[in-house]
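Let's walk through this one together, one chain at a time and then across the contact between them. Keep the viewer open as you read.

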Amino acid sequence: MNSIRRTALCVIVTVAALELVAPGAHALAERGRLGDLAFMVYAPDWTWQKRNVNLLYVLENPAAMPAEVTVTLEFPPGKENHFKVASGELHKVARPEGERSVLTLPVDVPAGGTQRCAMTDIQAVDGVPRQVYDFAIVFRCGEDEARVAYALRTVRGAAVSSAKSALYIPVVVALAWSVLFAVALARFAARKAWRTPNEPIAASIDREPWIDQNPN
Amino acid sequence: MDRPEPELNNTNPKPWSLKPARLGARGVLMLGAGSVIAAFYVGTGDVTVGTNMGAQFGYRLWWTYLVIGIAAWALVDMSVRYFLRFGKTPMSLFKDVHPVFVVYMFLAVVVCTTFGSYNQWSACAMVIAGLFPGVPIEVGGILAAAAGLAFLLTGVYKRLERLFVVGLIALILCFFGSALMVGMDWKAAAAGLVPNAPGKGWFPLFMSNAGSLINAWLILIYPYTMIERKWYSDRLQGKVNILHRARIDYTWGILAAGVIALPLMGAASAVARPFGILPRSYMDLSVLLEPLAGTWSTYLFLMGLLLAAWTSGVGWWVCGCYALLDIFNLPIKMDSRPLRIGLVLFFVPSCLLLLLRINPVYQMLIFSAFLAVVFPVIGLVMLWRITRPDMGYFAWSLRSAHGVAIVAADLFAVGLSLYIGWSRIGALFIQR
């Protein structure tokens, strides 16, 4: 059973090594308070262009009364066109620094309960310079307000995005490449080997003993 | 001409009448090639499909792994029976029928291997980018592919098996660790084993799962691992023993795909479903995990994904090269020059495709559909071959329960392949 012990040891060492070398996954993860309420916001801090971003919110209400919370995502001024939002309508609000486009999500948090919600499918479009966008996420409940700065960096996205291109381009590349395979491997092979069934393989003399055992 | 079976002529045992010799616990636990098989099954396709199933339907589609797994098992079993009967490699099966199938298989092998391996390097790159956002996709993917190439160019088959056993166990631990942190609903998971249609959208996922699990010529790979391990005998009892041991091996390999799907479904069910989010990439689930299950859950998921993708990428290359060597009747050997040339040739287009940065979820779902169209042809050819009268002891027979079970499994596998292929062809070409 030595080999089993060795395998088990390898597994433990592998997992431990993987965990030790793994750095933190980059993302926004912020906790805060909004009066009695606790909130948590979680979002990626970078994305590929043409890919969706999802922002997750977790709201905990320890009070005996339900709470009505409004979560607002404020887009960087003048850059709302850099994103497509499938999950809701953007509207304009006045801010001291100027007008901003916002996406609003009303949330009812039950007394003593936790509510999870999300703003989904916010897509960074391509065709604009890659950059860091300074969003703000604002939580409001009655008079209480909490603001979380949210910076999102974009990196270059897919060169082809449609499902058809994603299928056909690799297929065309691979078909073109198959000519090279045919030429390279045919050099080692006998003439017409590709259409001739192979000779039956011979049983090895040094095969493992269990193969030739008879049932008891 | 096929080689005669001397023992059959002398003693003429009825098909499926011999008992295999008992394997000790050690023999049963040595699941090297099973882990190699599992590495083919468990890649980004499995992660994508499992995650999507969990996000949409919780655990309710877990049963699909059981149903499709039976079909995959039967298809692998057919190729092994052919190999044991004649000592011929899987591509001879197609050469026996008509050379046009060899051309078809050659193109399918090159396209699928390029496509499949590229997907895995892309997934590795995404994990690397998730951990180090400054590393471009191209660089991360090429690093992963180069590591795979270096490993294979300097390795022998035994080393591959050892690495894959460790890798597979580690990735199972990673995915389960990640899912346990977010919380698994074991009761719902058990209920998911009962076949059901949970609602609109389940059938395309079922199809994608079939394409991922019963993937094209990968169902033919097992005999190559048998050649590397010298698992062949002239004696009929030896063949029966080998078939018995091999079945345990690929049962484990196929089972692993279903086992790994469970934590993926569990995690997606717990973190994506309540928010109504359908993960659009492997990374979506990893970032969703953190607020509910903590940073370690994300780490574990990312590590599991990296292991799954890397071993699967290596697996695609190995399998593709074996199949190409087989087509040209070259020796099936990992440390041979033609195989190494094949590896380098696969490395180049895989890396070129990384420059396209194709959305991996679209690609995996489409690729699974593509595979689903390919494998019915393989299923039909195999069915034609293994039902010929010259199959001897391994022929179809309804005289014993074992024989009936084999016939039923073969028919089920080919029937399912045809149905899925037909549905996919309809979806791809007719409905549009």
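Predicted model: local features only at pLDDT ≥ 70, side-chain atom pairs only at ≥ 80, totals over all residues.

Start with chain A. Its secondary structure comes to 2 helices and 11 strands, and if you read along the sequence you get the pattern α-β-β-β-β-β-β-β-β-β-β-β-α. So far as burial goes, 26% of the 216 residues of chain A count as buried. Now look at the contacts in chain A with a separation of 6 or more: residues 24 or more positions apart account for 65% of them.

Chain B is another story to tell. It has 18 helices and 0 strands. Of the 432 residues in chain B, 63% are buried. Take the contacts in chain B between residues at least 6 apart in sequence, and 87% of them join residues at least 24 apart.

Back to chain A for the strands. A bit of background first: strands of a sheet pair through backbone hydrogen bonds, either parallel or antiparallel. Within the pairing, R31(A) stands opposite M40(A) in strand 2 of chain A.

Follow M40(A) across to strand 4 of chain A and you find V58(A) as its bridge partner. Is strand 2 of chain A mostly covered or mostly open? Mostly covered: strand 2 spans residues 37–44 of chain A, and 6 of its 8 residues are buried.

Elsewhere in chain A, 6 strands form an open sheet with mixed pairing, in the order 3-11-10-5-8-7. At its edges are strand 3 (46–48) and strand 7 (91–95) of chain A, each pairing on one side only. Direction ignored, neighbouring strands of this sheet are turned by 35° against each other on average. To zoom in on one pair, strand 5 (residues 67–74) of chain A and strand 10 (residues 132–141) of chain A run antiparallel and are joined by 5 bridges. Here T70(A) stands opposite R140(A) in strand 10 of chain A.

Next, hop over to chain B for two helix pairs. The crossing of the two is right-handed. Helix 4 of chain B brings residues including V47(B), G50(B) and M53(B) to meet residues of helix 13 of chain B, among them I260(B), L264(B) and G266(B). Sorted by class, this contact has 10 nonpolar, 5 polar and 1 charged residues.

The second pair is helix 15 (residues 295–327) of chain B with helix 16 (residues 337–354) of chain B, whose axes come within 9 Å and cross at roughly 125°. These helices are therefore oblique to each other. Their crossing is right-handed. W317(B), G320(B), C321(B), L324(B) and L325(B) in helix 15 of chain B meet P338(B), L339(B), G342(B), L343(B) and F346(B) in helix 16 of chain B. By class, the residues of this contact divide into 8 nonpolar, 2 polar and no charged.

How many residues does the contact take from each chain? It takes 71 residues from chain A and 81 residues from chain B. On the side of chain A that touches chain B, helix 1 (2–21), strand 1, strand 2, strand 4, strand 9 (114–124) and helix 2 (163–186) of chain A each supply at least two residues. The largest share of that side, 16 residues, comes from helix 2 of chain A. The residues on the side of chain A that touches chain B divide into 48 nonpolar, 16 polar and 7 charged.

How values were computed. Residues numbered from 1 in each chain as written. Chains lettered and ligands numbered in written order. Buried ≥ 20, exposed ≤ 12 C-beta atoms within 10 Å, placed from the backbone. Helix = DSSP H or I, 4+ residues; strand = E, 2+ residues; numbered from the N terminus. Pairing = 2+ DSSP bridges. Axes fitted to C-alpha atoms, helices over the stretch in contact; angles between N-to-C directions. Contact = placed C-beta atoms within 7 Å. Left-handed = near helix turned anticlockwise from the far one by under 90°. Nonpolar A, V, L, I, M, F, W, Y, C, P; charged D, E, K, R; others polar. Parallel < 35°, antiparallel > 145°, perpendicular 65-115°, else oblique.
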